[in-house]
Amino acid sequence: MARFTPVLVWLYVIIGTVLQVSAEEYLRPHSVSAADAIIFLLGVSEVTLIGAYFMHLKYEQRSLLIVALLPIVIIGALIAGILVSIVS
Amino acid sequence: MRKWNGRIPFYVGVGAEIWDIDLAEEETAPVVDEKPSTQAGFFAILAVLVVASVVLADLDSSSSVGFKLALSEIVIVWTSLLLIYFLFNRPFLLKAERARRVQSWAKRWLYTTNHKDIGTLYIVTALFFALVGGTLAELMRTQLETPNNNFLSALSYNQALSMHGLIMIFWFLSPLAFGFANYIVPLQIKAKDLAFPRLNALSYWLFAFSGLLAVTTFFLPGGAIDGGWTLYSPLTSTQFMPGPGPTVGFSAFMLMVGSVTISSVNFIVTMIALRGPGITFTKVPMFTWFIIFTIVQMLFAFPAILGALFMLIADRVASTLFFSAAGGAMLWDNLFWFFGHPEVYIVLMPSFGAIAEILPVFTRRRIFAKTAILIATFSLVVPLSFLVWGHHMFMTTLPDTEKLTFMISTIGISLPFDIIVVAFLMTLVRGRILLRTPMLFALGAIVVFIIGGITGVFLASIPLDVLFRGTYFVVGHFHYVMVGASVFGLFAAFYYWFPRMTGRMYNEVLAKTHFWTSMIAFNITYFPMFILLDMPRRIFTYSVPAWALPNFISTIGAYLFGGVQVIFVINLAYSIYRGAPSVRNPWKAETAEWEWDSELGDLGGPVQPSMSSSLPLGMGMSSLVPFTPTVKNLAPSEVVGRQTVTELEPNTIEMHHTSTRPITIAGGIAVGMFGVGLIGYDYLGLPFAVLGAAICGVALFGWAWDDLHGRFHIPEPLEVEKWPFTKISKMKLGVWSLIFSDIILFAAILTSDVYVRLSTASWPAPGTLHPIGLGLVSTLILLSSSPAAFMALNSIRKGDKRGLITWLAITLALGTIFDGLEFYEWSLLFASGMGPATSNALSTYFFTIGLHASHVLVGLLAMVYLIVKASKGGFTKENHEAVEIFGIYWSFVDAIWVFIFPLFFLV
Ligand code: HEM
Ligand SMILES: [Cu+2]
């Protein structure tokens, strides 16, 4: 890992968080769904970077990555199932 | 033998025992023989305490509940303390030599970390809970024997019903299967032990104490859980189930789930990373495969129920509103059955594994289509089991399209089961069947499973289920699969592995009698339930004349079924001590557990060449093999210092480290949860909670102490076959498996938060409830601590020990400030009169933040440990895995916060 990579990742999550708050402050009054989408996407990208660098997934054997993604699929089913039951 | 020759006050003695220090150095100090007067005094005190507790338990309800509880608890605690003391230190009634052996025996079973001992403990304890659950069942059947019976009140019936279901599934079936898994799996894959032996002991003790806690609830105010084993909401609310009893019951369930989670992590790591030489995945035996499948399902299913139980207990103890908010019932249904359906396979699969192990041995054929079975199970049953839970919700308000999807997926999941059953049958067709008892039970299980499975497919069809839902037809279905397939399969395992576990052979005549009588009694009990397809389940009495006869027959069957289990117990008890000595491989099986050399070989004992590969026909019990000495696995082993020493064969000993920490931690947690359940009902709740936390904290500290001082050694694994994780250490695999289940836990909880929010009419806009500035600051602080932890790792990689300590200290400081800010915001809310019960918004907020903050707290404690170890020079350039593992965990906790922060502060 290059010497500055952790610093760059750190800067990204810090700036990302500030952007999230700005989206809430300045965008949300105009469009709730746009603000929420931006906040969500920023969050996902931050988590991806934390997982890749600070949890070292980028440097581990690939098989671990596959296993790390597996629960996400199963959670997808759980989330979908639960949230669908509200709609009724 | 270490000894403190009886002159030290007993509370110091008990404390020293638990803390595991040597008070006296003389290893051979003689045991002081007691004067008769001391013994008499002991028994007098004990008698007074027993009488007192009986009287207290019987005090009429007019006396203060708090007073009664206080006294009876003091009695219980003192009785146990006295018993522990005398068990360990006073040779009362016994000659010194005998007393020493009793002491050694007790220490072996209380402090063991050996997978075989723990397996034995699991099996024995599970049988005890089967007795409890079975008694409850007989009570229910007695009540239902005749119409309009009043043997049990409605309330007692409901309690018996609910606890029967919970105890049988969670404290009998799964633990029994895990007893075998503990014992057999490491042998089958030639691992020396499980990956984390102390965690294994912790799982066992959490299981045992949680079961006892569950049984105690019958005697607490409010009684036991009485809303069915499915714990449907709102029946579980304090409105319908008042009192501390049910809360303690839910806590017990939660502890059991914790135990399962810990052992799943332990097993998955063992099976992936500790396979011995030559055990590649293609060589893994069927039983181990099915345990792998079970574990994978456990890792994914149990966190959902863990989350649900957290929320339920918070609802009852801290007045959060998850399941009393609008839609709470559906939320519980979804979470419970997302876990519940995989759970029914979790109790089935170990039994299938045993059957798949037994069939080829007793037909002298390889199992038919092994690959097809494995692929069908792994790629269809395991993933699909998470996609069918809605078939338990056909009568709820689930949208129709979703119901249809669940109906199709359920029919889909029966297909791989067809493959398995057909493969089992083909193995039989092609083989020469030897009807010894394990085979009989295996065949019985298959036949019964076919009936149970077919009735299940009926239930999976929405139109039929509308008719059968909530009737005895369903009760018939799941008892055919759970008792018929799961329990009979495990009976098969019992007889099959009995010679391996005890070195003796069971009595074949008694065993066959046990099979035939059980099979007949089983069908007499449960077949009438298919006829009762219009009788609602869970009713405590009935007056319809047509239901009388089937119910009567079923009750007679239940008495028979219970009664004939005595044959089994007698056979076991007799054969363990008096059975004919068995040869090493009486069934001439090919799997590694029968070779014995995985444990004998490297201990320098006599290694017998593997003798069975040629598959000779005609299995005599002992005639063919010249090897005779009994292998004394259940022989009393000595406890010397911190090791158990078992004499397996003449000149062959096995040594294993013991640890006092697991039992103490589990005991502390159980006491603490008991206290938490009482909070709000009894002034003793808080002291008990604090006492439990203190015991647990001290024991955890002791665990860290042991590690810092190298007082516990895990058997060095051979670590040969690790595909597909060749480059990943077992610690790292362990922490990742834990993180996977934690991801599901948080997903379940955050989804519930969103669910509650979407079902609530109005929700406060961002910024009105929680100050965004404060949230932003704490987020930035937490997110900065991850890189700090990363820098710590970077430092020690370069061998910079100062840098390591500095960066760890920075991480610690940031984490502490973060938790401080969270609690600061809590205090602001409390100060303005707001709490978890104020609104749905605050209820989800307090709960979720609290759970996350406690994750942070765990990380902070871990950091203190790391800093202490680092300052003692415990980490080097080459050896610093704990730092890396910690960093992964810590960053995971940060990553979760990245979802929590916007959810509560920004959207
Ligand atoms: C071919 C496989 C199976 C199918 C298609 C199937 C289907 C179903 C369905 C649709 C129900 C819901 C019935 C209702 O409540 O109206 C049900 C209930 C149940 N099944 Fe199965 N099942 C199968 C195998 C099993 C197995 C292997 C077990 C356990 C070892 C099991 C245990 C249960 C239990 C415990 C319930 C009752 C839950 C309750 O208390 O409400 N099933 N099954
Ligand atoms: Cu199901």
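Here are some notes on the metal sites, the salt bridges and the domains of this predicted model.

1. **Ground rules.** This is a predicted model, where local features need pLDDT of at least 70, side-chain atom pairs count only at pLDDT 80 or more, and totals for chains, interfaces and linings use all residues; side-chain values use heavy atoms, with hydrogens and water left out. Residues are numbered from 1 along each chain as its sequence is written, while chains are lettered from A and ligands numbered from 1 in the order in which they are written.

2. **The copper ion.** Take ligand 2 to begin with. The copper ion gets its protein donors from B:H341 (ND1), B:H391 (NE2) and B:H392 (NE2), at 1.8 to 2.1 Å. Donors here are N, O and S atoms within 2.8 Å of the metal (3.2 Å for Na, K and Ca), and water is not among the atoms, so sites may look incomplete. Along the chain, the spacing of these donors reads H-x49-H-H. B:H391 counts as buried, with 11% relative accessibility; buried means under 20% relative accessible area, exposed over 50%, and partly exposed in between (1.4 Å probe, protein chains only).

3. **The iron atom.** Which residue gives the iron atom of ligand 1 its single donor from the protein? That is B:H477, through NE2 at 2.1 Å. B:H477 sits in helix α15 (residues 472–502) of chain B. Helices (H or I, at least four residues) and strands (E, at least two) are DSSP runs, numbered from the N terminus. Between the iron atom of ligand 1 and the copper ion (ligand 2) there are 4.7 Å.

4. **Polar contacts to ligand 1.** A polar contact is a pair of N or O atoms within 3.5 Å; within protein, one must be able to donate a hydrogen and the other to accept it, and residues adjacent in sequence count only if both atoms are side-chain atoms. B:W229 puts a polar side-chain atom 2.9 Å from an oxygen atom of ligand 1. The side chain of B:R537 has an N or O atom 2.8 Å from an oxygen atom of ligand 1.

5. By definition, that is a side-chain nitrogen of Lys or Arg within 4 Å of a carboxyl oxygen of Asp or Glu. B:D465 is buried at 2% relative accessible area, whereas B:R469 is partly exposed at 27%.

6. **Salt bridges across the sequence.** Over all chains there are 9 salt bridges. One of them joins B:R198 to B:D707, with the closest N and O atoms 3.1 Å apart. B:R198 lies in helix α7 (residues 197–216) and B:D707 in helix α20 (residues 685–708) of chain B, so the pair ties together parts 509 residues apart in sequence. B:R198 is buried at 8%, and B:D707 is partly exposed at 30%.

7. **A network with chain A.** B:E884 and B:K732 meet in a salt bridge at 2.8 Å, N to O. B:E884 is in helix α25 (residues 881–906) and B:K732 in helix α21 (residues 730–759) of chain B, 152 residues apart. Shared partners join A:E60, B:K732 and B:E884 into one network. Both chain B residues count as buried, B:E884 at 12% and B:K732 at 8%.

8. **A buried loop arginine.** B:R275 is in the loop between α8 (244–273) and α9 (286–317) of chain B. Buried or exposed? B:R275 counts as buried, at 1% relative accessibility. Its side chain reaches the backbone oxygen of B:M271 at 2.8 Å and that of B:I272 at 3.0 Å.

9. **Domains.** Chain B is divided into domain 1 (432–584) and domain 2 (764–907), with C-alpha centres 51 Å apart. Chain A has domain 1 (1–55) and domain 2 (59–88), and their C-alpha centres lie 21 Å apart. These bounds come from an automatic or database domain assignment.
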